[in-house]
Each structure stands twice: as structure tokens, then as C-alpha cells.
Amino acid sequence: MTDLYGSDRYGYAELLSAPELEVLSKLRTVLDEQVSPLLAGYWEAGEFPEQIRQPLVDLNLMAPDGATDSQGRTSALYGGFRNFELARTDASVATYYNAQSGLFRSTVLHGGSPEQAAELDPKIRSFEYTGVFALTEPEHGSDIAGGLATSARRDGDSWIINGAKRWIGGAGTADVLAVFARDAADGQVKAFLVPREAEGVTLTKILHKTSLRMMQNFDIELRGVRVPDSARLAGINSFRDVASLMRRLRSDVAWIATGMQAGAYEAAVRYTLEREQFGKPLASFQLTQQKLATMLANLTASLGMVVRLTQRQEEGIFRDEDSAMAKMFTCTSLRETAALAREVVGGNGITLDTGVARFHADAEAVYSYEGTHDINALILGRSIAGVGAFH
């Protein structure tokens, strides 16, 4: 079953159990048969193929039968390869699913009270209750820790929220928005589950994107939005708590960047074996092979990094610098790998026919979201030098 990943030359998938591999094989079938044929058309239209939602939900990927432990949990490594498999097909599909399985689920599990997590997690796993992670703002991305401007004011048994969020993927169809806001009373960051259709919430789709075109991103305005105190996630009481979430979430993005490399590399290999120039397959030329070799080396190094990072996190070792380094390295490798894939496919690499163009364009968004390259480098640099360089 480990031949599921032909580009996994060092056999990292062999660390997965047979039931986990069986689930991923079923996911591959759905992606190949029901998702991949739709990608070019919907990517060009800038719309998301909503008809793929139910087939993915039906797989029960967050708690698949036979692949969970006695407490109903999946292994962290399985979760990583799930993101890898989705991203190997398409970055928007991976981002869409991870918005629920990673961003929103982690926010509730690790930011909510035990009671909130116990009540909501089964509904999140089944997609009965959907949500998105609303942290980034129109004027604050990299400086969100100190610059977060959305405010929350306690008013009796309720909170009143005012502010704006930007780049919130999937917000248009979510049940709730996990909105991070600064408490007017103590200046600390809190989080609230705000119904998408609550009075005072306005969503505007972001248009004219050249990357992640299928993923539906939104601007959100919150004007006098009132939510009950029960909607506040009790475990988030400062930006330190938000940073704890980000340590987990950056590793998800590193897996997505690695899966995208696999998709771009495999598409390039297929094309160069089939395409002939000067009477020979492109793959038979020295320069083409050198580029394919660089792509595979990038992918293999990235896969080794995310596998080991995930193993350590499953052991309870969570460090900002570890997830920052993985996000920084895998996304830099993705940029090079996608560019080389586009290069060896030649002029056809700018069309949607081979899949390479999607990976090439989408690499730019993944390179920037969940912490830019520069910010992650500074997080890593701080751990090296022992002094922060955020000025």
C-alpha cells in the first residue's frame, strides 16, 4: 500500500499503519475520480466546486473507522499525510478542508473549555458544525500580535464586537466565524464563535486573485455584533494562547507545501516522459533530469522535515522555532519546485491542462499565509541568537 506515494523515495509513508494507508487510498480515489476532473474549470472561473464537499465529508477523514485509537483519535502523522494527499491534488482543496480540520478544529479543541471541546468536536468532525479562523485584519497581518484592532466589550451577559477581518477563507459558507478580538477591559486577545448570519456581520468576497483562485476568501466587517458570553472560547485569554495555536497550525501548512511539491513534481515527470522534442522524450535530456532531480530532492527533504516535526509534536514537544523553520523551508522549496516544474513543461506550463500552472500560481499564496517567510525566519533567528529582531 505504500506505493501510494511513488515520490516518497525514503519511504516515510511506511510509518503509517495499514488502516491509515487504506483511508488515504480511498481519499486518493475520490480525489482522482471526483475532484481532479473539475479543477481546471473551477480554477479558471474563480469558484469552488461545492459538489466535492459531500464526497470528502463522507470519508470521515478526521476520525475514520479503523484508523483511530481507543479514544477515537487519529495519529498526528496520519493527519499530516491527509493534508499532503489533499495538497498533492490541489492547494485550494487542501486549504478548504484544513480550514475545518485544522484551523477551526484546533481553535475549538485547544482554545475552548473542555466542555466546549467535548460538545463541539464531534459536530466539527462530521461537518455538522462548520467554522473558519478569523485572525488577519485589513491593516494587520505580520504585526497582528500587537496590532490586532478588532475589539470586544463586555456588556452584561454579552459581548459587543467591532472591527474587520481579511483573507478569511471559507467564511461564506461557514456556520460560525472564530473571531479574535481585543478585550477593551484588559487589552488581552479573546476569541468568539460569531454566527456568520449574526446582525452586524457583513461578508464581501475578495475578487481578482491570481493565486488560490478556487478558495473563496472574504473581507468581514463586524459592526456592533452581539454574542453571548457562552460564545467566547474560554481557553483563549491572551495572544500567547493564540501563538500556541499557531505552533500547531504552521505544521499543517508545511505539510500542504510538501504535498504541493509532490503534485508539481509528479505532473512534471508525467509530462516530460510523454512529451517528445528532437525525437526523444524531454525526460531523456540532461538538463531536464537535473531539474527533476532537484525537485525530488526538495520534496524528500521537506517530507523528512515535516514527518520528524510531527513526530516530535505528538510527543508533546511544541516550539515556535520548529514549526516556523518547517513552514519557512518547505514553502521556499515549494517555490523552487513549482518553478522548475513550470520550466520543464515549457509553454504548456502556463496552461491549466497539465496542473503545473495551478501549483505554480498557488505556491505564492501558501508561501505567504500562516506567517510570511521573513516572520518565520525571525522566529527561528530569535531562537538561534537569543534576542528578538522584530523592530
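This is a predicted model: local features need pLDDT of at least 70, side-chain atom pairs count only at pLDDT 80 or more; totals for chains, interfaces and linings use all residues.
**Exercise 1.** Find which residue pairs with Arg88 in a salt bridge at 2.8 Å, and determine which network contains Arg88.

*Solution.* 
Step 1. The partner is Glu266, at 2.8 Å from N to O.
Step 2. Arg88 sits in helix 4 (residues 76-89) and Glu266 in helix 8 (residues 239-274), so the partners are 178 residues apart.
Step 3. The cut-off for buried is under 20% relative accessible area. Arg88 has 16% and is buried; Glu266, at 13%, is buried too.
Step 4. Through shared partners, salt bridges join Arg28, Glu85, Arg88 and Glu266 into one network.
Step 5. For context, the whole structure holds 20 salt bridges.

**Exercise 2.** Locate Lys165 and Glu137 in the secondary structure and explain what their salt bridge ties together.

*Solution.* 
Step 1. The closest N and O atoms of Lys165 and Glu137 are 3.1 Å apart, and the pair forms a salt bridge.
Step 2. Lys165 is in strand 3 (residues 158-169), whereas Glu137 is in the loop between strand 1 (131-134) and helix 7 (144-147). The pair therefore ties together parts 28 residues apart in sequence.
Step 3. Relative accessibility is 1% for Lys165, which counts as buried, and 5% for Glu137, which also counts as buried.

**Exercise 3.** Compare the span of helix 6 with the expected span, and work out how its buried residues are arranged around the axis.

*Solution.* 
Step 1. Helix 6 (residues 114-125) has twelve residues. From first C-alpha to last it reaches 16 Å, close to the 16 Å expected at 1.5 Å a residue.
Step 2. The buried residues of helix 6 are Gln116, Ala117, Leu120, Asp121 and Ile124.
Step 3. Viewed down the axis, these buried residues fall within an arc of 120°, so they line one face of helix 6.
Step 4. The face turned away from the buried side carries Glu115, Ala118 and Glu119, which are exposed.
Step 5. The buried residues of helix 6 pack against helix 5 (91-111) and strand 5 (189-195).
Step 6. Just after helix 6, Phe127 adopts a positive phi of about 70°.

Terms used. Residues are numbered from 1 along each chain as its sequence is written. Side-chain values use heavy atoms; hydrogens and water are left out. A salt bridge is a side-chain nitrogen of Lys or Arg within 4 Å of a carboxyl oxygen of Asp or Glu. Helices (H or I, at least four residues) and strands (E, at least two) are DSSP runs, numbered from the N terminus. Buried means under 20% relative accessible area, exposed over 50%, partly exposed in between (1.4 Å probe, protein chains only). The expected span of a helix is 1.5 Å times one less than its number of residues. The arc is that of the directions from the helix axis to the C-beta atoms. Contact means heavy atoms within 4.5 Å.
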